[in-house]
Amino acid sequence: MLPGHSSFVGPLAWIPPNEVLSEGAIVSGGMDTMVFVWNLSNGEKVHSLSGHQLQVTGVVLDDEDIVSSSVDCTLRRWRKGKVVESWEAHKSAIQAIIKLPSGELVTGSTDTTLKLWKGRTCLHTFAGHSDTVRGLANMHGLGILSASHDGSIRLWALTGEVLMEMVGHASIVYSVDSHVSGLIVSGGEDCSAKIWKDGVCVQSIEHPGCVWDVKFLENGDIVTACSDGVVRIWTSHQERIADPVDLDPYVSKLSRYKLSRKRVGGLKLEDLPGLDTLQIPGNSDGQTKIIREGDNGVAYAWNLREQKWDKIGEVVDGPGDDIKRPVFDGIEYDYVFDVDIGDGEPIRKLPYNQSDNPYSTADTWLLKENLPLAYRQQIVEFILQNSGQGGAALDSSFCDPYTGSNAYIPGGSSSMSVVLAKPIFKHIPKKGMLVFDVAQFEGILKKLTEFNNSLLSDSDKKNLSLSELEISRLSAVIKNLKDTSHYHTSKFADADIALLLKLLKSWPLAMIFPVIDILRMLVLHPDGVTVLLKHVEDENDTLMEMIKRVATNPPLSPNLLTGTRVVTNLFKNSRCHYWLQKHRSEILDAFSSCYSSPNKNLQLSYATMILNYAVLLIERKDHEGQSQVLSAALEIVEDENIEVDSKFRALVAIGSLMLDGLVKRIALDFDVENVAKTAKASKEAKIAEVGADIESLTKQI
């Protein structure tokens with residue numbers, strides 16, 4: 001035990017044994033702004049490093065130096081117990097720092113960006129996340145992994161492009177790590193550690209609390225740190241699995257935790273009274289009570305005539321009980337507000353349940369966050385206003401349980417800026433991009449061969465047919481695309497892409513859709529899209545030529561379907577975002593008739609492209625583009641023949657865009673209120689839910 005910090009301890013780093021420290025040392029950073037270096041041979045402090053103004057969030061070793069990061073937005077370099085340099089690395093709180101094998105430092109911040117540093121020089125800023133970057137890790141031989149409050153994990157090349165995005169956590173992702181095998185592990189507030197392979201979640205490990213940190217051991221085992229105070233080691237090796245008796249505490253705790261979160265008819269199961277409550281007579285005939293019997297809720301009705309409780313039956317969750325509630329510290333709440341206290345401070349999370357006393361909640365929260373109790377009344381009013389209890393009377397005579405005084409309302413202006421909260425919606429805003437990543441490669445190759453044979457048998461078009469060598473090349477391309485487990489190492493030759501582009505230009509219009517389908521999958525391959533972009537960046541933009549060709553001459557449904565899917569998949573790679581934004585108007589105009597097609601797959605493909613455009617243009621703050629996408633999405637939802645999934649994605653796009661005040665005003669001019677009302681009345685649950693989200697937006701000032 002190493003006592004010394006006056007508040008909770010966060011980051012740790014290990015110094016290997018050396019001539020001075022025979023058993024090595026530990027570096028620790030704390031909420032108290034201090035960095036300590038501890039001698040492991042005797043537990044004494046070697047250095048006390050003071051200088052940060054706010055919480056220390058990260059410590060790394062850089063040769064013989066220590067570099068620390070802080071909520072005060074700075075990095076500090078320490079050498080032999082003294083600070084040798086300090087600089088502002090971000091404009092908002094720094095939440096994480098790592099050192100790469102190549103020597104550079106990487107920081108992640110509340111400003112949603114990562115930065116790559118060589119000394120004090122910023123080599124690159126990585127933008128793409130929509131919320132705080134909380135965790136960082138090196139991905140062996142590939143780049144940088146980032147975990148974010150936006151619920152996603154991203155893999156970045158050092159040059160800045162996104163190689164992969166992993167979306168699967170239900171809320172904040174706190175940490176991420178990688179193994180030489182190519183596996184990735186992440187931990188989040190949704191009480192799970194998730195294992196990823198090639199961008200796909202292959203396993204989710206439940207925990208009885210939120211998972212604060214995850215790390216791989218050299219042998220491939222995984223270590224997790226959970227908010228229940230327990231560190232656990234997970235293995236895939238049968239001989240290392242713990243005995244059932246040793247696993248019982250985990251299984252039991254997990255069962256109790258899940259049971260504590262179970263809701264019956266909208267009520268927490270653990271809050272229901274037991275059977276003894278049936279000893280108390282009812283007040284009126286037909287009065288009902290729900291009590292807990294084992295793991296179930298059972299309803300009883302009071303029989304006034306016979307003076308007894310009659311059992312009605314087991315209570316099951318109603319239609320609204322499966323609504324996803326926000327999670328904070330592994331616990332579900334009715335609300336988790338984002339509170340901005342200004343002055344460059346990080347966003348604070350304020351959890352609240354409708355049944356809670358707002359004064360007690362405010363007091364507890366202010367003490368936890370080390371904020372003045374003078375803000376108490378402001379917080380109470382904020383809670384009531386944002387939880388739909390704005391009309392509730394404020395009890396200013398309420399006794400403060402911590403000071404014994406009455407509620408205090410500050411007389412002067414507060415240094416605290418306006419407290420803002422992000423409203424809780426079920427389906428908006430949309431995070432991450434959607435793609436069409438399933439392909440019938442054998443069917444594609446079969447269709448290409450069929451078309452090629454048709455050209456060979458036509459004397460006028462024989463010159464357009466493929467040679468045996470070209471067919472072999474296409475087969476190799478498809479083989480590469482099928483092998484997703486090696487996407488991080490497999491490569492494409494420029495001749496591969498050139499062949500595909502040649503076919504797009506030369507083959508008859510009715511025969512090019514399988515070629516476009518190969519292109520659809522190629523743009524999801526890191527190296528494939530890189531080679532393709534070389535042709536896009538030339539004066540002759542082959543992608544735009546393809547889009548113009550499939551959208552006219554005349555437009556054929558198979559070409560439109562595969563064409564819109566190519567564009568949709570391009571959103572997956574951030575290197576394509578500039579091109580997509582640049583050609584936004586041309587692309588949307590070219591495919592504008594797709595929503596009215598009787599082909600349901602084409603409707604869905606077009607609606608997905610519109611949704612991806614909404615996500616991109618919100619990120620890029622492109623108001624002109626957002627307005628055009630809003631108009632396209634409204635056209636989709638107003639068509640009575642649109643299938644459910646297409647309408648849903650268009651509605652999500654509308655709601656996400658409306659979170660911007662300017663676009664919201666435009667939407668209101670387009671009578672979006674009526675759109676929301678119609679959607680809310682739908683028999684399709686998800687349509688009704690997103691309709692309710694949009695309706696809530698229309699009512700906000």
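Predicted model: local features only at pLDDT ≥ 70, side-chain atom pairs only at ≥ 80, totals over all residues.
View 1. Helices (H or I, at least four residues) and strands (E, at least two) are DSSP runs, numbered from the N terminus. Of the 701 residues, 50% count as buried. Buried means under 20% relative accessible area, exposed means over 50%, and partly exposed lies in between (1.4 Å probe, protein chains only). The accessible surface comes to about 33200 Å². Carbon and sulfur atoms hold 52% of that surface. Areas come from the Shrake-Rupley method with a 1.4 Å probe; for residues, only the protein chains shown count as cover. Contact means heavy atoms within 4.5 Å. Among contacts with a separation of 6 or more, 49% join residues 24 or more positions apart.

**View 2. The largest nonpolar core has 95 residues.** A nonpolar core is a set of buried Ala, Val, Leu, Ile, Met, Phe, Trp, Tyr and Cys residues joined through side-chain atoms within 4.5 Å. L580, I587, F591 and I654 have the most contacts inside this core. Helix 13 (residues 600–619) gives the largest share, 11 residues. Leaving out residues up to four places away in sequence, F591 touches I547, V550, L560, G563, T564, V567, Y606 and M609. A second, separate core has 16 residues, including V339, Y359, I379 and L384.

**View 3. I144 sits in strand 14 (residues 143–148).** Which state, buried or exposed, applies to I144? I144 counts as buried because its relative accessibility is 0%. Residues up to four places away in sequence aside, I144 touches I98, L100, V106, L114, F126, L136, A137, R154, L155, W156 and L158. W156 lies 12 residues from I144 along the chain, and their C-alpha atoms are separated by 5.1 Å.

View 4. Over residues 87–118 the chain is 56% strand and 0% helix. The end C-alpha atoms of that stretch are 13 Å apart. Residues 126–156 are 61% strand and 0% helix, with end C-alpha atoms 8 Å apart.

**View 5. L2, W14 and L40 make a nonpolar surface patch of about 280 Å².** Patches are made of residues with over 30% relative accessible area and no salt bridge; like charges are joined within 9 Å, nonpolar side chains (Val, Leu, Ile, Met, Phe, Trp, Tyr) within 5 Å. L40 lies in the loop between strand 3 (35–39) and strand 4 (45–49). L40 is partly exposed, at 31% relative accessible area.

**View 6. The salt bridges come to 24.** A salt bridge is a side-chain nitrogen of Lys or Arg within 4 Å of a carboxyl oxygen of Asp or Glu. K91 and E88 meet at 2.9 Å, N to O. K91 is exposed, at 68% relative accessible area. E88 is partly exposed, at 48%. D228 and K253 meet at 3.5 Å, N to O. This pair links distant parts of the chain, 25 residues apart. D228 is in the loop between strand 22 (222–226) and strand 23 (231–234), and K253 is in helix 1 (residues 244–261). D228 counts as partly exposed at 22% relative accessibility, and K253 is partly exposed at 25%. D310 and K308 meet at 2.3 Å, N to O. Salt bridges that share partners join D62, D63, D65, R77, R79, E85 and K99 into one network.

Technical notes:
Residues numbered from 1 in each chain as written. Heavy atoms only, no water.
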